[in-house]
Amino acid sequence: MNPLCGRCNKVVYPTEKVNCLDKYWHKGCFSCEICKMTLNMKNYKGFEKKPYCNAHYPKTSFTSVADTPENLRLKQQSKMQSQVLYKEEFEKSKGKGFSVVTDTPEMQRLKKTQDQISNIKYHEDFEKSRMGGEGPPQQPPPQQNTTSAYQPPAATQNYHYEPEPEPVRQAAAAPPPSAGKRYRAVYDYVAADTDEVSFVDGDVIMDVQQIDEGWMYGRVERTGQVGMLPANYVEAI
């Protein structure tokens, strides 16, 4: 028994039969569903067991999801969960970040103090590296050790400020101030004996002469005092 045509539902005889898309067609009935252009086995495209030409072949696209009450409820629930998670993360990170500090006079004073401490630390490290690993002490070396290490000649007794029978610290007078070396004080120093000079940070020391590794002799330009001073409290200009 001959099958029926997939379009006109009439009997298809073998001489005009086209077998395609699980159906039988007359050659004239095998045409595009839209424009009715006659197709063949080489130029047709099938969609849902119907023939189409290349121009009218249905384009597949994503289907949109309807905003049903259930979908709206799930969307709202997801949004709420995201907000809760964000608040938890915010509470955990609160106080851990950097905060803006007002530049008050008190903060400026603290900043200036810290800068001064850093500057002193820098000078100490510099002295350590220059003196071979031994940094300058906070207090000057014991004076009795210096006295025993340096014995001045008898000709320099005229520079002693207090005439005493015993020539203690008579080394205050070094060679005459003609060398012209200049140093700048990097720390404050208060004289511990009569043949020493006092100075403050920034004072210029004129006509400096080296006595030994730890002591120098010079004149403070600001006060005019002449005497001995510790070498690790000044730096060359």
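In what order do the elements of the chain run from the N terminus on? And, as the part to look at closely, which residues have the most contacts inside the largest nonpolar core?

A: Happy to. This is a predicted model, in which local features need pLDDT of at least 70 and side-chain atom pairs count only at pLDDT 80 or more, while totals for chains, interfaces and linings use all residues. Residues are numbered from 1 along each chain as its sequence is written, and side-chain values use heavy atoms, with hydrogens and water left out.

From the N terminus on, the order is β-β-β-β-α-α-α-β-β-β-β-β, which makes three helices and nine strands. Helices (H or I, at least four residues) and strands (E, at least two) are DSSP runs numbered from the N terminus. Of the 237 residues, 25% count as buried, where buried means under 20% relative accessible area, exposed over 50% and partly exposed in between (1.4 Å probe, protein chains only). As for contacts, meaning heavy atoms within 4.5 Å, 38% of those between residues at least 6 apart in sequence join residues at least 24 apart.

Now to the core itself. A nonpolar core is a set of buried Ala, Val, Leu, Ile, Met, Phe, Trp, Tyr and Cys residues joined through side-chain atoms within 4.5 Å. The largest one has 19 residues, and Tyr 183, Phe 199, Ile 205, Met 216, Leu 229 and Val 234 have the most contacts inside it. Two or more residues each come from strand 5 (183-185), strand 6 (204-210), strand 7 (215-220) and strand 8 (226-230), with strand 7 giving the largest share, four residues.

Leaving aside neighbours within four places in sequence, Leu 229 is in contact with Val 197, Phe 199, Ile 205, Gly 214, Trp 215, Met 216, Tyr 217, Gly 218 and Val 234. Apart from this core lies another, of nine residues, among them Val 18, Cys 20, Leu 39 and Cys 53.

Asp 203 is found in the loop between strand 5 and strand 6, and it counts as buried because its relative accessibility is 7%. Beyond four places in sequence, Asp 203 is in contact with Tyr 183, Arg 184, Ala 185, Val 220 and Arg 222; Tyr 183 is also one of the residues with the most contacts inside the largest core. With Arg 222, Asp 203 makes a side-chain to side-chain polar contact at 2.9 Å. A polar contact is a pair of N or O atoms within 3.5 Å; within protein, one must be able to donate a hydrogen and the other to accept it, and residues adjacent in sequence count only if both atoms are side-chain atoms. In the loop between strand 6 and strand 7 sits Ile 211, which is buried at a relative accessible area of 18%. Ile 211 and Ala 231 are 20 residues apart in sequence, and their C-alpha atoms are 9.3 Å apart.

Ser 31, in the loop between strand 2 (23-26) and strand 3 (45-47), counts as buried at 4% relative accessibility. Its contacts beyond four places in sequence are Arg 7, Lys 36, Met 37, Thr 38, Leu 39 and Pro 51. Asp 22, in the loop between strand 1 and strand 2, counts as exposed because its relative accessibility is 67%; it has a positive phi of about 60° although it is not a glycine. Lys 49 also has a positive phi, near 60°, as a residue other than glycine. Lys 49 belongs to the loop between strand 3 and strand 4 (50-52) and counts as partly exposed at 47% relative accessibility. Tyr 13, in the segment before strand 1 (17-20), counts as partly exposed at 45%. Its C-alpha atom is separated by 6.3 Å from that of Asn 2, eleven residues apart along the chain.
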